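This briefing sets out selected features of one protein model, grouped by topic. Please read it alongside the sequence and structure shown below.

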Amino acid sequence: MSRLKLELDAGRAVVLCTLVHKEGSGPRDPGSKMLVTSDGEALGTIGGGGMERRLIDEALEALGEGKPRVVHFALGVPAREGMVSVNSKCGGEVKIFMDVLKPEPRLIIMGSGLIAQAVARYTRDCGFKVTVVDDADTATAENFPGVELVDDGYPESLTKVKIRPSDYVAVLHGETEFEIAGLRHAVKATPAFIGLLGSKNKAREHRRQLKMEGYDPETVDAIRGPIGLDIGAETPEEIAVSIVAELIQAKNG
């Protein structure tokens with residue numbers, strides 16, 4: 001399972017395929033496992049051949065949906081409704097449970113004001129691991145209990161922040177140069193989510209600048225701005241609730 005840990009630590013989801021039922025003849029017994037990575041690599045085996053090739057395709061589809069599934073294979077026997085027929089001489093059937101294993105959700109907050117403080121509190125309660133990046137006086141352990149703080153000189157401190165494909169980034173600051181530096185770092189990493197606090201016009205201008213600087217247009221266009229669901233929020237706490245709601249919505253697909 002060292003490869004499983006390696007993939008999850010790197011922020012990449014995987015699918016663990018387990019043979020849970022066999023009737024008649026089959027190449028492997030119940031309990032056999034195979035790991036499928038996000039780039040389609042298979043580790044271990046549950047039987048090989050056409051069944052395994054089809055299973056890799058099914059695993060990648062499950063990864064795209066983010067949901068587990070069960071696949072019922074007919075190995076050289078007549079396929080009943082819902083079964084997948086495989087050209088095989090085994091003469092049996094097997095069921096494979098495909099479990100989508102996702103990395104622990106991590107939120108990287110750039111900024112440390114009142115909204116950032118409330119977002120950090122609420123997301124921690126919702127199961128996110130939180131990292132806060134800022135060099136302002138508000139970036140303290142008292143304001144961010146239980147949170148990883150990167151409070152060295154900004155933006156140089158961004159080199160200490162490795163953003164993974166599964167991470168969520170929220171730029172909650174307000175100063176243009178701070179925001180642009182944070183967005184540059186995030187866009188290069190192509191995380192699962194990038195959100196920007198502020199107006200639609202500001203988000204549009206930041207996107208325009210990033211594209212002019214040569215950053216990937218598709219990733220830049222995916223920046224959510226303004227971050228937060230439209231619930232008529234006014235106070236820092238209400239705005240934080242709207243932001244956390246959008247993060248949960250993005251995490252749950």
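Directly after α3, Gly127 adopts a positive phi of about 95°. The model is predicted, and every value below is computed from it.

- The 12 residues of α3 should span 16 Å at 1.5 Å a residue, and the end C-alpha atoms are 17 Å apart, which agrees.
- Buried positions in α3 are Ile115, Ala116, Gln117, Ala118, Val119, Ala120 and Thr123.
- The cover over these buried residues includes strands β7 and β8 together with helix α7.
- Helix α3 (residues 114–125) and helix α7 (residues 236–251) have axes that come within 8 Å and cross at roughly 50°.
- The handedness of the crossing between α3 and α7 is right-handed.
- On the α3 side, the residues that meet α7 are Leu114, Ile115, Ala118, Val119, Arg121, Tyr122 and Thr123; on the α7 side, they are Pro236, Glu237, Ile239, Ala240, Val241, Ile243, Val244 and Leu247.
- By class, the residues of this contact of α3 with α7 comprise 12 nonpolar, one polar and two charged.

- Phe178, Glu179, Ile180, Ala181, Gly182, Leu183, His185, Ala186 and Val187 are the buried residues in α4.
- Among the elements covering the buried residues of α4 are the strands β7 (106–110), β8 (129–133), β10 (168–171) and β11 (193–196), as well as the helices α5 (200–212) and α6 (217–221).
- The axes of α4 and α5 come within 11 Å of each other, crossing at roughly 55°.
- That angle makes α4 oblique to α5.
- The crossing in which α4 passes α5 is right-handed.
- Thr176, Glu179, Ile180, Leu183, Arg184 and Val187 of α4 meet Lys202, His206, Gln209 and Leu210 of α5.
- The contact of α4 with α5 is made up of four nonpolar, three polar and three charged residues.

**Helix α2**

- Helix α2 (residues 49–65) contains 17 residues and reaches 25 Å from its first C-alpha to its last, close to the 24 Å expected at 1.5 Å a residue.
- Its buried residues are Met51, Glu52, Leu55, Ile56, Glu58, Ala59, Ala62 and Leu63.
- Strands β1, β2 (33–36), β3 (42–44), β4 (69–75), β5 (84–86) and β6 (92–101) are included in what covers the buried residues of α2.
- Just after α2, Gly66 has a positive phi of about 75°.

- Thr18 is located in strand β1 (residues 14–24).
- With a relative accessible area of 13%, Thr18 is buried, because the cut-off for that class is under 20%.
- Although Thr18 and Phe97 are 79 residues apart in sequence, their C-alpha atoms are 5.2 Å apart in space.
- Neighbours within four places in sequence aside, Thr18 is in contact with Gly31, Ser32, Lys33, Lys95, Ile96 and Phe97.

**Backbone sites in loops**

- Thr190 follows α4 and lies in the loop between α4 and β11.
- Thr190 has a positive phi of about 45° although it is not a glycine.
- The relative accessible area of Thr190 is 42%, and the residue is partly exposed.
- Tyr154 and Pro155 are joined by a cis peptide bond with omega about 10°.
- Pro155 belongs to the loop between β9 (148–150) and β10.
- A cis peptide bond also runs from Gly225 to Pro226, with omega near 5°.
- Pro226 is placed in the loop between α6 and α7.

Note on methods: Residues are numbered from 1 along each chain as its sequence is written. This is a predicted model: local features need pLDDT of at least 70, side-chain atom pairs count only at pLDDT 80 or more; totals for chains, interfaces and linings use all residues. Side-chain values use heavy atoms; hydrogens and water are left out. Buried means under 20% relative accessible area, exposed over 50%, partly exposed in between (1.4 Å probe, protein chains only). Helices (H or I, at least four residues) and strands (E, at least two) are DSSP runs, numbered from the N terminus. Contact means heavy atoms within 4.5 Å. Axes are lines fitted to C-alpha atoms, for helices over the stretch in contact, and angles run from 0 to 180 degrees between N-to-C directions. A crossing is left-handed if the near helix is turned anticlockwise from the far one by less than a right angle, and right-handed if clockwise. Ala, Val, Leu, Ile, Met, Phe, Trp, Tyr, Cys and Pro count as nonpolar, Asp, Glu, Lys and Arg as charged, and the others, Gly among them, as polar. Angles under 35 degrees count as roughly parallel, over 145 as roughly antiparallel, 65 to 115 as roughly perpendicular and the rest as oblique. The expected span of a helix is 1.5 Å times one less than its number of residues.
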